[in-house]
Amino acid sequence: MATDVPFPLAGKRVWVAGHRGMVGAALVRRLAAEDCEVLTVDRATLDLRRRAETEAWVADARPDAVILAAARVGGIAANDAYPGEFLHDNLAIQTNVIEAARLSGVAKLLFLGSSCIYPKLAPQPMAEEALLTGPLEPTNEWYAIAKIAGLKLAQAYRRQYGCDFISAMPTNLYGPGDNFDLEASHVLPALIRKAYEAKVERRPELVVWGTGAPKREFLHVDDCADALVHLLKTYSADLHINVGSGQEVSIAELAELVTRVTGYEGKIVYDAAKPDGTPRKLLDTSRLRALGWAPRIDLATGITETCGWFAEFRGIRER
Ligand code: GFB
């Protein structure tokens, strides 16, 4: 069966669900270069956890395509602290949006998952086939279970109803518009904020959670949005597709990189009482590359740009 079925966006109405988030905002920026109409709706107008309201909104808005970037997300601490919300909210949002899309005859839907769907000790790099081959990382199993259910729902709707619903699994993302709340954020925004604050307040130490040994792959959100639009326009099959950069660093290397870019000269210390999470999470992106997509933003450039964005956003003056 052909997987490269063209879905031109010209003249289409494309709903970006979750347009206020880092990924959704990047998608809106990326879609501005396409000849399509981008639809968005604020959370105050529509709570995607409410089924009837979601179905009514979609029926009224009549999108041709949906990119499901709305989700309850967070870093290792937030995932661990709010398992009920991470499981419930994500199950509700994705079930409601996918079912509403089916009922309204949406021609194409792209569901977004995460690289944490794969087993904690999956062979690296992790190919799409690694799904459901072993136990999950406990700190984020609630989120991972929700995301696995979402990709399975898209698959099930393809099979039962013939809906052209596909799924993409992005690696750890970063970039402008990220969440910089130290309790809820992912590692990169946390380190950027900690480094700037430590520098401004002339603190002698910057605390990094865990041992510094875990490795993570990072992809700039603008590269991610570009890959997602590429998949929306060209890919149509059951199998979810990994979206990554191949750029993997240890948390210790990442901390060094961030302190270099921000100019923080104090000491980096490790708080081993905080969890490391999964030891490694590198995606095998051969499929995406074979579909004709490659990343453009290297990690050092992306971090420098994100630091600049954060400094401007927070009104931090460089000296
Ligand atoms: O980015 P992060 O929170 O998420 O943490 P995961 C990655 C690594 O960085 C862990 C370490 O080993 C953390 O202990 N780390 C060091 C820090 N300092 C910090 C800090 O100040 N803040 C944070 N947050 N981490 C999440 C999942 O896993 O990744 C989600 O929980 C999702 O489900 C997301 O998949 C992409 O990469 O461990």
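The legends below describe close-up views of a predicted model.

**View 1. The shell of residues around the ligand.** In this predicted model, 22 residues surround the ligand, and the closest of them are I76, K194, R216, P275 and D276. Sorted by class, this shell is made up of 10 nonpolar, 8 polar and 4 charged residues. Three elements, helix 3 (76–81), helix 6 (187–200) and strand 7 (205–209), each contribute at least two residues to the shell, and helix 6 gives the most, with 3 residues.

View 2. On the side-chain side, an N or O atom of N79 lies 3.0 Å from an oxygen atom of the ligand. The backbone takes part as well: a polar backbone atom of S185 is 2.9 Å from a nitrogen atom of the ligand, while a polar backbone atom of D276 is 2.6 Å from a ligand oxygen atom. Taken on its own, the ligand has 700 Å² of accessible area, and the protein covers 97% of that area.

**View 3. The largest nonpolar core.** This core holds 41 residues, and the members that touch the most other members are W15, L48, L68, V97, I98, L109 and F165. At least two core residues come from each of strand 1 (13–17), helix 2 (51–61), strand 3 (65–68), helix 4 (83–103), strand 4 (108–112), helix 5 (141–161) and strand 5 (165–170). Helix 5 supplies the largest share of the core, namely 7 residues.

View 4. T139 sits in the loop that lies between strand 4 and helix 5. Although T139 belongs to a loop, this residue has a relative accessible area of 9% and therefore counts as buried, the limit being under 20%. The side chain of T139 makes a polar contact with the side chain of E137, at a distance of 2.4 Å.

Methods
Residues are numbered from 1 along each chain as its sequence is written. This is a predicted model: local features need pLDDT of at least 70, side-chain atom pairs count only at pLDDT 80 or more; totals for chains, interfaces and linings use all residues. Side-chain values use heavy atoms; hydrogens and water are left out. A residue is near a molecule or strand if one of its heavy atoms lies within 4 Å of it. A polar contact is a pair of N or O atoms within 3.5 Å; within protein, one must be able to donate a hydrogen and the other to accept it, and residues adjacent in sequence count only if both atoms are side-chain atoms. Accessible areas come from the Shrake-Rupley method with a 1.4 Å probe; for residues, only the protein chains shown count as cover. Helices (H or I, at least four residues) and strands (E, at least two) are DSSP runs, numbered from the N terminus. Ala, Val, Leu, Ile, Met, Phe, Trp, Tyr, Cys and Pro count as nonpolar, Asp, Glu, Lys and Arg as charged, and the others, Gly among them, as polar. A nonpolar core is a set of buried Ala, Val, Leu, Ile, Met, Phe, Trp, Tyr and Cys residues joined through side-chain atoms within 4.5 Å. Buried means under 20% relative accessible area, exposed over 50%, partly exposed in between (1.4 Å probe, protein chains only).
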